[in-house]
Amino acid sequence: MKNIFRLLLLFPLWGLGGCQDFTTLEKDPNRPVNAPASLVFNGILNDMYNVVNAGSAWGDKARWNQYYCSNYNYYATNEYSWTTTDLYYFTIKNVLKMEEEAKRAGLPEQNPYSALGKFFRAYFFENMTKRVGDIPMTEALKGLESPTPKYDTQKAVYVQVLKWLDSSNDELSALIAKGDRNLSGDIYLGNDLVKWQRAVNSFKMRVLISLSSKDADGELQVKQRFAEMVSNPTKFPVQASMSDNLQYTFNNFNKYPRNPSNFGFNATRENMAKTYIDLLVARKDPRVFVVAEPAEAKINAGLKATDYEAYVGASSGEDLADMSTRVLKGEYSFQKRARYYSNDVGEALFLIGYPELCFNIAEGINRGWATGDAASWYKKGIEASMSHYGIADVTALTTYLDGTLVKYAGNNETGLNQIVTQKYIAFFQNSGLEAFYNQRRTGIPTFLTGVGTGNSGRIPKRWQYPATERTTNVTNYNSALSSQFTGKDDVNDLMWLLK
């Protein structure tokens, strides 16, 4: 009887061992393998700020854009001490996952997540290639199928970026026409596909302008694409006002980089940069009164806070010890602390903004890519930027626009310089490194260099590839360096985009 009882006890255990699927037991029920497309979408939107734009408001990007300077080297310097850069393949994998989850949930092949997925591919691949040059694209993100992907040329990346943007625009047009309401999780544009389509096409304008040195290339068709967009706004709608800005909004949890909590940490350890401040002062630009404080030494010498000459920026190339000494003497302007440290919310940070769009259209028309009124778009860009700072007085704007350095000189080299200069001014504390990329492309404005900027007085042209490429993809890495930069991974070398 005891033996029978033992058999009965053992039998269910034997059954478990013989029939149970151990692969099921190995799965952690607390770690989901699926997520709603809207949740993945939300993460990608945060990556647009965190990965690409983080720090552009009062961070290293703002120093490299020469908007402000660090005067205390314990926390930061003004050096362009670049080495490697991170790339964004992990985020692009999430884009693929977002599209997969949308279809798994039953959405048709053409849906808002697939349409925006093409935009995200264009956005992140374009950001990567303009940092380093050639990058893996067609063989990337295939996992074990292609663990050592070959590099695509930078030109091939841009050709594909433009195709993705056109496809995204076409799909969004079809979805809008159908009244699709399947998008959710949007922290930027309230799930509004109309505004997303405008942002996609405004980004395409940025891409086309960035290719200005390649406007004769028959495959890219930069001029033709630009002219098509300008002449057919129904097919290619773009941002129409500041309300269309693709922007990151701060709150009491995700605080603006400058807020009451860190006032004592950095409010006087940073001062305004000469490159930026001098442009404002020379043009008698009222934005200087909003973003900066008058230099204490100038006020002590009898100037008023309303005098443009009271605002002084430090050269980014100045020796940091000398800059610190002059700051203690009150010779340089600080950021407007009453504006930037007043609360945790601060101001929105544009990722793709309406002022930039206006200047991009003005620039393309100035270059002769399309017919149109460059002066009108130039004026719209200035007025939109001014509105961001609460400057709306019609008389003051008219006076400013009629100023010697500001009044549009026509579709010539001087007019082009004016457009790019105003775009630089409007980029202040916004749009990541777009101010740097535009300066790299045009030389406008002149960036100041010296011992303070390092790199032997040169402004770098690119970043080095991630260190992992040297160890895990060495053959293709070396091949890419040989074809682009005579075998070197040097921050001062020119990529195809700049030649």
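Is Y75 buried, partly exposed or exposed? Select Y75: with a relative accessible area of 38%, Y75 is partly exposed, where buried means under 20%, exposed over 50% and partly exposed in between (1.4 Å probe, protein chains only). The model is predicted, so local features need pLDDT of at least 70 and side-chain atom pairs pLDDT 80 or more, while totals for chains, interfaces and linings use all residues. Residues are numbered from 1 along each chain as its sequence is written, and side-chain values use heavy atoms, without hydrogens and water.

Y75 sits in the loop between β1 (68-70) and α5 (89-104); helices (H or I, at least four residues) and strands (E, at least two) are DSSP runs numbered from the N terminus.

Now select helix α20 (residues 434-442): 8 of its 9 residues are buried, so α20 is largely enclosed by the rest of the structure. Among the buried residues are F436, Y437 and R440. Show α4 (60-64), α6 (112-132), α8 (193-210), α16 (354-366) and α19 (413-426), against which the buried residues of α20 pack, with contact meaning heavy atoms within 4.5 Å. After α20 comes G443, with a positive phi near 80°.
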